[in-house]
Amino acid sequence: MRKSLGLLDGAAIAASSTAATSSIGIGLGLTAGIVGLHLPAIMLLAFLPVLAIAGGYGRLNLVDPDAGSSYRWVGRTLNPWLGFLTGWVNTVGTVVFMAYTTTVTGSAIVQLLGQATVHSVAGLRLDPDSTLQCTLIGLVVLIGASLVAVRGLDLAARLQKYLLVFEYGVLLAFCGYGLFAGDQPFSLQWFNPFDIPSLSALAQGMVLAVFCYWGFESVFSVGEEVRDPRDASRAGLLALVVMMLLFLLAGTAFQRVLPLDELADNGAQGLAYFGSKLAHQPLAALPLIALTLSAVASLQASVIPTARGLYAMGRDGVLGPVWTRLHAKHLTPAVGTLLITGIACVLALLSIAIPTVSDLISAAVNAIGIVVALYYALTAAASAVRFRHLLRTAPLEGLRAVVGPLLGAVALLLVGGYLAWTFYDSADHFELSADNGWFELLVPVLMIGSGLVAAAWARWRRRSAYFLRPAGDDADPAVAAPAA
């Protein structure tokens, strides 16, 4: 594939995949319902292990840029089964994310129509919390975003940069104004993680916050198309730091403007409600427009790295050759991009069984958060094992590539494991409901279990050489090679 991306292009893809505006618009209200008035604290606390793990991602990409990223790194260094599982849960989690973001996009469009006084179409009343209506509208956007991705990364990256400039401009303007215009008393306790109500609230809040940061690593999935591997590492780190600053600003501004009950009750409509409290129409519609554009950008930025991850898995023979077919003109994994889009469309239609958008978001985010914690931890462990020699030869680099990722992995595994236990312990029967603990636990269990079944099929039916490759490739060209 063509090396067509630079630093800012990579940062735009990473930032769009992370989708700060969407996370702020729909995630802060959900998180506030868990941790209370401690949004800044939980966002800052979750940033630390993710930042530590980002150091491991950057080092791995520096010595081995690969479209498979964590799937290849974990498989080569730890174990092929764990590598396949890492790639699988990453893919499945992203497809689930695309499915519910499709609905979120539709919901934002319906809200925009409502603010334009369009409350019904052909006699049908439009409802921004109707999963059916919002999903059908969002599917049109998803298909359009995927077609742009097939056209090539250069066009997609340019589009992402324009969308980000508008989104961040709106966020900075409204959140900056909210800091001064809000009438809720400011408190330093908002930044105190030790004041979070309970250990269970801390664990679930951490998973939700880690989910908000999820996506920075998408730039490493296009590592083979970045002109300089160092630019991919810098782009991921730049996007991550910008996300953290935006989350702190927005969390503080939301709590200055909205009482806790209003913040928690508005959930998926949080950003639109925040805008309406600070401005009149048409200015009040700007945050909602930014949310809509962010959702569109995140759909496109999600399908791009997912198709490339599956391209790498097809290249290794663990999946079928259909995933390796490149567009004749644009040299993008076009077939894989369209297949992923089709699967996300089917899953989005199945999610109509959950009646409201708010419940759908809650169920999806918790499930994805647990598997994200798992594959981040596995990638961090791969970095620690592969570069362990740096603790002797280059201690400062060892801190970034070994100690930091290892501590981040332990933190995320503890948080994810504790949350999984609380889900199991919170119910005594199964029910298809977003607030049923067994249902919330079943989704990540199915993601992981299906990955093990698929790995077994690839190992014994496809007889992929990927599973025969010895683990423990510890060579580090960045250290071993003499200076030019």
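Author: Welcome! A disulfide is a pair of cysteine sulfur atoms within 2.5 Å. Please keep in mind that this is a predicted model.

Reader: Thanks! With that cut-off, why is Cys345 too far for a bond with Cys134?
Author: A pair has to lie within 2.5 Å to count. For Cys345, the closest cysteine sulfur is in Cys134, and that is too far for a bond because the separation is 15 Å.

Reader: Is Cys212 buried or exposed?
Author: Buried means under 20% relative accessible area. Cys212 has 3% relative accessibility, so this cysteine counts as buried. Cys345, at 12%, also counts as buried.

Reader: Zooming out, what radius of gyration does the chain have, and what would a compact globule have?
Author: The chain has 484 residues, and a compact globule of that length would come out near 23 Å. The value for the chain agrees with this, at 21 Å.

Reader: What share of the contacts with a separation of 6 or more comes from residues 24 or more positions apart?
Author: The chain holds 19 helices and 2 strands. Among its contacts with a separation of 6 or more, residues 24 or more positions apart account for 82%.

Reader: How far apart do the centres of the positive and negative side chains lie?
Author: There are 27 positive and 28 negative side chains in the chain. The centres of these two sets are separated by 16 Å.

Definitions and conventions:
Residues are numbered from 1 along each chain as its sequence is written. This is a predicted model: local features need pLDDT of at least 70, side-chain atom pairs count only at pLDDT 80 or more; totals for chains, interfaces and linings use all residues. Side-chain values use heavy atoms; hydrogens and water are left out. Helices (H or I, at least four residues) and strands (E, at least two) are DSSP runs, numbered from the N terminus. The radius of gyration is taken over C-alpha atoms; the globule rule is 2.2 Å times the number of residues to the power 0.38. Contact means heavy atoms within 4.5 Å. Lys and Arg count as positive and Asp and Glu as negative; His and the chain ends are not counted. The place of a charge is taken as NZ of Lys, CZ of Arg, CG of Asp or CD of Glu. Buried means under 20% relative accessible area, exposed over 50%, partly exposed in between (1.4 Å probe, protein chains only).
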